Amino acid sequence: MSKQDFYYLQVAQQLLGHSSYELISMKADASELWFQSLHRKDKSIVRIVRRNFKSAVEQQKDVLYALQRAENVRKQRGKSTLTLNTIYFADFDPFYTEQSLESAPSPSKVNSYVEQLTSEKARAYEHLFDRLGLTLESADNFSSEEEAQRVEQWKHKIVLFVQKKQSEEQQIAGYGKPIFTYIFLVMQILCFYFWSGRAVRKIRSL
């Protein structure tokens, strides 16, 4: 298990359970989640991504894709301006440079801030999580076994959250987009995959 899985899942479960954020989009493999701030005066989106890029060019394309999508969200919601905060969780960044990401052209009404968090840089981003109202526990404070236990706990919390939202959605039949119906199916598959793998490891250890 990568330490970046530890950090990514930690932030994901905090945002999902945070009263100030609402999940608005999620990739099928759960490697990318979009959250919007629920504060009226805070016109911002937090996007977290668990991915390793092969080059700065590939990452630059992802930044541009996100900017265009954020602009579409701004128009759909009738916002005058919007701030997009993207946090990449990567195992390495051999091709990454601050200049390559910050120089990306942005729609005039979308302000973009990009951070790349690797295991080596995790401690340097405490200010970022403070600003988002989150707390980041360092993986260095835990043994490998404790780290694995935390990851399993966070996965479980995420699955429970999605199940709860799906239940609420079923009660409000026909209103809004059924995003959580699809997320629920994805999380069930992920849950089965992770937990079945854990069970196999326990059997092998007997």
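Good morning. A residue is called buried when its relative accessible area is under 20%. With that term in hand, I turn to the structure, which is a predicted model.

I begin with helix α2, which covers residues 56-77. Its 22 residues, at 1.5 Å a residue, should span 32 Å, and this agrees with the 31 Å that separates its end C-alpha atoms. Several residues of α2 are buried, among them Ala 56, Val 63, Leu 67 and Val 73. After α2 comes Gly 78, which has a positive phi, near 65°.

My second topic is charge pairing. Side chains of opposite charge can pair when their charged atoms come close. In this model, twelve salt bridges are counted.

One of them lies within α2. Arg 74 and Glu 71 are three residues apart in that helix, about one turn, and their closest N and O atoms are 2.9 Å apart. Both Arg 74 and Glu 71 are buried. Elsewhere, salt bridges with shared partners link Lys 27, Glu 32, Arg 47, Arg 51, Glu 58 and Asp 62 into one network.

Finally, which residue forms a salt bridge with Glu 147? The partner is Lys 3, with the closest N and O atoms 3.4 Å apart. Glu 147 belongs to helix α5 and Lys 3 to helix α1, so this pair ties together parts 144 residues apart in sequence. Glu 147 has a relative accessibility of 5% and therefore counts as buried, whereas Lys 3, at 31%, is partly exposed. Thank you.

Terms used
Residues numbered from 1 in each chain as written. Predicted model: local features only at pLDDT ≥ 70, side-chain atom pairs only at ≥ 80, totals over all residues. Heavy atoms only, no water. Helix = DSSP H or I, 4+ residues; strand = E, 2+ residues; numbered from the N terminus. Expected span 1.5 Å × (residues − 1). Buried < 20%, exposed > 50% of the residue type's maximum accessible area, 1.4 Å probe, protein only. Salt bridge = Lys/Arg side-chain N within 4 Å of Asp/Glu carboxyl O.
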